[in-house]
Amino acid sequence: KKPRPKKAPELPILERRNWLIHLHYIRKDYETCKAVIKEQLHETQGMCEYAVYVQALIMRLEGKIQQSLELFQSCAILNPKSSDNLKQVARSLFLLGKHKAAIEVYNEAARLNQKDWEISHNLGVCYIYTKDFRSAEEQLNLALQLNKHDLTYMMLGKIHLLQGDTEKAIDVYKSAVEYVSIHNLTFKHTCFILFLGKYQKAFEHLGNALTYDPNNFKAILAAGSMMQTHGDYDVAMNKYRVAAYSVPESPPLWNNIGMCFFGKKKYVAAISCLKRANYLSPFDWKILYNLGLVHLTMQQYASAFHFLSAAINLRPRMSELYMRSHLFLTQLVEMAQKLGAALQAGENLYWSKPGKDGKTSQRSSSSKPSSSQQPLGTNQALGQAMSSAAGYSKSMQITAGAEPLSPSTSCHLHRSVHPNAPSFPPEPEADVSSAPSPPTVDPGEPEDEDEVEETAELKEKSNTSA
């Protein structure tokens, strides 16, 4: 007789559903995954480490950082020799802004596993937030010895930039181009060279980047921005059309398109595109500045003042914004003075609405002025003069010497290296719409009822005297 096959051994109760929990988690079926976790924890009385670990990961994805921290701490208690549990505890502390506590936990995890690139890299990031650049540089160099990762090169170059050592930053980026993926780091290196004004090298590296990844949105945006800087607006617009297919809702893209229209003196189209960029990113001060600049060029002073004031509120230490606002106010006062001098026929002369025959009614200084009229030269008269400034003083041109700002070349292209954004290793997880209609023209203020009544009264008196 053949031997009877042995029965497969049953899994211990603590790990019986781990495979099912993992399956639902990687499929992102979090509701079913939480239901299985609940059953598993009920059977094991909360002693299943893997179930608690996955539940903490799901809570972090849902934004419940404090609850996830408590669950990861429970995992560390269940298995104190696991460096992975400590890494997750430290990461939760970092997300809560407790950088010093995160450093302590990462150091403890490093004692358990000294050859973990992620621990060294994240330690360096935490030291950057505590302004300990020397320790951050040591940890990042240690991480590069374990794994030459692009995130580590990026943060190491950022440290040198924060310290003002541009030469070391250039060396780091060159090393990054040599050791990691060319289409990724060449772009970041190109951006850095772009800021230094080395346009020839920038174009060379951009060409290499686009060779490896022709649809790289950031590289295309950088190339278009460089062409826009040199005044090649049509070529830059062609680049932006290609980029718009992949990211049609990009604020820096619409900002740069708007400033291309501004350079071509198509101001209505520029405002339309900039308004779209402002809708997508309402707190970007550079977009607000550009909107103020375009409105100032079109002599729409109220709108210009509105956007420039908003930009100043977001960046109160930006001296250029104050300079532009001061120039705007100076020009506005000069315009008011010139208009007041041009319209004023005498200190005692009062103006009223023209009658039906087209003749303007006047009253001398001997007559008592009505309550609704103000002499020319007063604040109200100057305000009325300024309201018609755009139509009267066509000869007065605003000095448009300020260069427009392009977020794509100064902040958005290196969003991941910003000191206020965590640069941890990524976790597992996301036709061009038409521009908005041009802004409608304000039909103007309604006539003042007092002025209409006064005009009728003056007309009646003139008929009586006749």
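User: Let's start with a cysteine: is Cys-75 buried or exposed?

Analyst: The general idea is a cut-off on relative accessible area: buried means under 20%, exposed means over 50%, and partly exposed lies in between, with a 1.4 Å probe and protein chains only. Cys-75 has a relative accessible area of 0%, so Cys-75 is buried. Please keep in mind that this is a predicted model, in which local features need pLDDT of at least 70 and side-chain atom pairs count only at pLDDT 80 or more, while totals for chains, interfaces and linings use all residues. Residues are numbered from 1 along each chain as its sequence is written, and side-chain values use heavy atoms, leaving out hydrogens and water.

User: How many disulfides does a search of the whole structure find?

Analyst: A disulfide here is a pair of cysteine sulfur atoms within 2.5 Å. The search of the whole structure finds 0 of them. Cys-48, for instance, is in no disulfide, and its nearest cysteine sulfur, in Cys-75, is 9.1 Å away.

User: Which residues does Cys-33 touch?

Analyst: Contact means heavy atoms within 4.5 Å. Leaving aside residues up to four places away in sequence, Cys-33 touches Ile-21, His-24, Tyr-25, Val-54 and Ile-58. Leu-23 sits in helix 1, residues 18-26. Leu-23 counts as partly exposed, at 26% relative accessibility.

User: What lines the largest cavity?

Analyst: On a 1 Å grid over the protein atoms alone, a cavity is a set of points where a 1.4 Å probe fits but cannot get out, and lining residues have an atom within 4 Å of a point. Grid points are joined across faces, edges and corners, and the volume is the space filled by probe spheres set on the points. Here the largest cavity holds about 30 Å³ of space, and its lining is made by Lys-87, Gln-88, Arg-91, Tyr-106, Glu-118 and Asn-122. Helix 5 (83-95) and helix 7 (117-129) are the elements that give two or more residues to this lining. Helix 5 gives the most, with 3 residues.

User: Where is Gln-45 placed, and what is its phi?

Analyst: Gln-45 is in the loop between helix 2 (30-44) and helix 3. Its phi is positive, about 60°, although Gln-45 is not a glycine. Gln-45 counts as exposed at 73% relative accessibility. Lys-265 also deserves a look: its phi is positive at about 65°, although it is not a glycine. Lys-265 lies in the loop between helix 15 (251-263) and helix 16 (267-280), and Lys-265 is exposed, with a relative accessible area of 63%.

User: How far apart in space are Lys-100 and Thr-130?

Analyst: They are 7.5 Å apart, C-alpha to C-alpha, and 30 residues apart in sequence. Lys-100 belongs to helix 6 and is exposed at 66% relative accessibility. Arg-111 is in helix 6 (residues 99-112), and Arg-111 and Ser-83 are 8.7 Å apart in space, C-alpha to C-alpha, at 28 residues apart in sequence.

User: Last one: which residues does the UniProt annotation "repeat: TPR" cover?

Analyst: UniProt positions are given in the numbering used here, feature names are shortened, and annotations may be inferred rather than shown by experiment. According to the unreviewed UniProt entry, the annotation covers residues 150-183 and 285-318. In the model, the span 285-318 is 79% helix and 0% strand, and its end C-alpha atoms lie 10 Å apart.

Definitions and conventions: Helix = DSSP H or I, 4+ residues; strand = E, 2+ residues; numbered from the N terminus. 1 Å grid on protein atoms, 1.4 Å probe; cavity = no way out; pocket = protein on both sides within 12 Å on 5 of 7 lines; lining within 4 Å.
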